[in-house]
Amino acid sequence: MTTLFIADLHLSADRQDITDCFLQFMANETANIDALYVLGDLFEMWIGDDDNSPFHQQIKHAFKQLTDSGIPCFFIHGNRDFLIGKRFSEETGVQLLAEHTVIDLYGTPTLILHGDTLCIQDVDYQRYRKKVHNRFIQWLFMRLPLSRRLKIGTKIRGSSSENNQRKDLDIMDVDGKAVIDMLQAYHVNQMIHGHTHRPDVHQINMNGQKATRTVLGDWYDHGSVLVVTPECSQLQTRQFN
């Protein structure tokens, strides 16, 4: 009985080492698990489900093999791949979840999310997030030619990287009060998320009650997997070949 969580792989055709590590993980470590949860930023950039590049087909095939074997896989959108939609789900068998979802993790109600909604001190990012999650703006964007969307996405990705380099790292981390507020709002004592690229397990005192916040790592230098069983949970790494 094992459930796996991953996030922030930022898969792209430019990083074959990350792709290889992910494909090995899917082939060798997902047999007989209870479920796989992907908590956002699976891709470095996603400009629409109609992008059928060989690279994307390869990744989708890996998910399809998993779900065809009877292993459920769930996905929560990240800030890089929030346009993953119904077509991707139908082609892969991956089930799309709400941005904040409570699951029963071996008897413990657990809130799972990408994590960017907790970074409320990063005002510029939250303003940007509100715009790109506007349904009308997304509708307009998806009606642009694929080539045009690719150019826009590449430009936004570059601007985002430049802006983040100028920001204080603490501003881009989660806000402690926002964490507690969200735990209380969903009536849970356990949270799992990614986004910040700061893997760790945080113990929280929540009005006298103990709570746990587990942060998944990114896959830039090595793979990062949270392995959960009924007995324990452990953040693990996977080395690139």
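Reply: Start with one term: contact means heavy atoms within 4.5 Å. Keep in mind that this is a predicted model.

Me: Which residues are in contact with Phe22, leaving aside neighbours within four places in sequence?
Reply: Ile6, Leu9, Leu11, Leu42, Ile59, Ala62, Phe63 and Trp219 are in contact with Phe22. Phe22 is also among the residues with the most contacts inside the largest nonpolar core, together with Leu36 and Phe63. That core has 34 residues. Two or more residues come from each of β1 (3-6), α1 (16-29), β2 (35-38), α2 (54-68), β3 (73-75) and β10 (223-228).

Me: What makes the pair of Phe43 and Phe55 edge-to-face?
Reply: Two values decide. The ring centres lie 6.4 Å apart, and the limit for a pair is within 6.5 Å. The planes stand at 80°, and edge-to-face needs over 60 degrees. The pair is therefore edge-to-face. Phe43 sits in the loop between β2 and α2, and Phe55 in helix α2, twelve residues apart. Both Phe43 and Phe55 are buried.

Me: Why is the pair of Phe43 and Phe88 called edge-to-face?
Reply: The planes of Phe43 and Phe88 are at 90°, with centres 6.5 Å apart, so the label is edge-to-face.

Me: What makes this pair a tie between parts of the chain?
Reply: Phe43 is in the loop between β2 and α2, while Phe88 belongs to helix α3 (residues 86-92), so the pair ties together parts 45 residues apart in sequence. Both Phe43 and Phe88 are buried.

Me: How many aromatic pairs are there in the structure?
Reply: The structure holds eleven. Ring pairs link Phe22, Phe43, Trp46, Phe55, Phe63 and Phe88 into a cluster.

Me: Is Asp41 buried or exposed, and how do you know?
Reply: Buried means under 20% relative accessible area. Asp41 has 1%, so Asp41 counts as buried. Asp41 is in the loop between β2 and α2.

Me: Where does His187 lie, and what is its phi?
Reply: His187 is in the loop between α7 (176-185) and β7 (190-193). Its phi is near 55°, again positive in a residue other than glycine.

Me: Is His187 buried or exposed, and why?
Reply: Exposed means over 50%. His187 has a relative accessible area of 70%, so His187 is exposed.

Me: Why does His133 get its accessibility label?
Reply: The value is 29%. His133 lies in the loop between α4 (123-132) and α5 (135-142). Not counting residues up to four places away in sequence, His133 touches Phe82 and Gln138. From C-alpha to C-alpha, His133 and Arg15 are 27 Å apart, and in sequence 118 residues apart.

Me: How do you know that β6 and β7 pair?
Reply: Pairing takes at least two bridges. Strand β6 (residues 108-113) and β7 have two bridges, so they pair, in the parallel sense. Ile112 stands opposite Ile192 in β7.

Me: What makes β7 and β9 a pair?
Reply: Four bridges join β7 to strand β9 (residues 209-215), and the two run parallel. At least two bridges are needed. Gln190 has Thr212 in β9 as its bridge partner.

Notes:
Residues are numbered from 1 along each chain as its sequence is written. This is a predicted model: local features need pLDDT of at least 70, side-chain atom pairs count only at pLDDT 80 or more; totals for chains, interfaces and linings use all residues. Side-chain values use heavy atoms; hydrogens and water are left out. A nonpolar core is a set of buried Ala, Val, Leu, Ile, Met, Phe, Trp, Tyr and Cys residues joined through side-chain atoms within 4.5 Å. Buried means under 20% relative accessible area, exposed over 50%, partly exposed in between (1.4 Å probe, protein chains only). Rings of Phe, Tyr and Trp (its six-membered ring) pair if their centres lie within 6.5 Å; planes under 30 degrees apart count as stacked, over 60 as edge-to-face and the rest as tilted.
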